[in-house]
Amino acid sequence: MAEEPAADTQDARVELNAEKYRYELYVGDKLAGFAQYHDSGNRVVFTHSEVDDAFAGRGLGKVLASGALDDAVARDKVIVPLCPFISAYLRKNVDKYKGHIEAPPESQS
């Protein structure tokens with residue numbers, strides 16, 4: 001049985017963990033999720049993100065995505081969304097990140 005989260009989304013924060021190449025989502029002092037990336041010059045390539053099932057249904061994925069993307073923009077990086085969740089979030093918030101999004105490369109067949 002999953003442990004119930006003690007804090008609500010107001011206690012959520014996103015922190016850059018450059019050593020592990022990911023943005024980490026914390027609720028209180030608990031790691032609730034992360035968005036994995038790699039740097040490529042002036043680009044931040046988002047490859048994977050997840051939120052722990054114990055925190056599902058609370059809108060924390062949006063907190064994670066916006067925190068990670070806002071930080072990338074603040075660092076003047078171009079966003080490359082290979083992660084499906086980050087891509088979906090960007091489609092819904094394209095105006096906010098306009099000018100900072102690079103389409104992912106088309107898959108090679």
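**View 1. Salt bridge between Asp 39 and Lys 77 in the predicted model**. Asp 39 and Lys 77 are joined by a salt bridge whose closest N and O atoms lie 3.7 Å apart. Asp 39 belongs to strand E3 (residues 30–40), whereas Lys 77 sits in the loop between helix H1 (60–74) and strand E5 (78–81), so the contact ties together parts that are 38 residues apart in sequence. The two partners fall into separate accessibility classes, for Asp 39 counts as partly exposed at 34% relative accessibility, while Lys 77, at 13%, counts as buried.

**View 2. Salt bridge between Arg 22 and Glu 24**. In this pair the closest N and O atoms of Arg 22 and Glu 24 are 2.8 Å apart. Arg 22 has a relative accessibility of 14% and therefore counts as buried, the cut-off for that class being under 20%. Glu 24 likewise counts as buried, with a relative accessibility of 5%.

**View 3. Salt bridge between Asp 71 and Arg 75**. The side chains of Asp 71 and Arg 75 meet at an N to O distance of 2.9 Å, forming a salt bridge. Asp 71 is partly exposed, its relative accessible area being 23%, and Arg 75 is also partly exposed, with a relative accessible area of 31%.

**View 4. The salt bridges in the context of the whole structure**. A search covering the whole structure finds seven salt bridges, among them the pair formed by Asp 39 and Lys 77, the pair formed by Arg 22 and Glu 24, and the pair formed by Asp 71 and Arg 75.

Technical notes. Residues numbered from 1 in each chain as written. Predicted model: local features only at pLDDT ≥ 70, side-chain atom pairs only at ≥ 80, totals over all residues. Heavy atoms only, no water. Salt bridge = Lys/Arg side-chain N within 4 Å of Asp/Glu carboxyl O. Buried < 20%, exposed > 50% of the residue type's maximum accessible area, 1.4 Å probe, protein only. Helix = DSSP H or I, 4+ residues; strand = E, 2+ residues; numbered from the N terminus.
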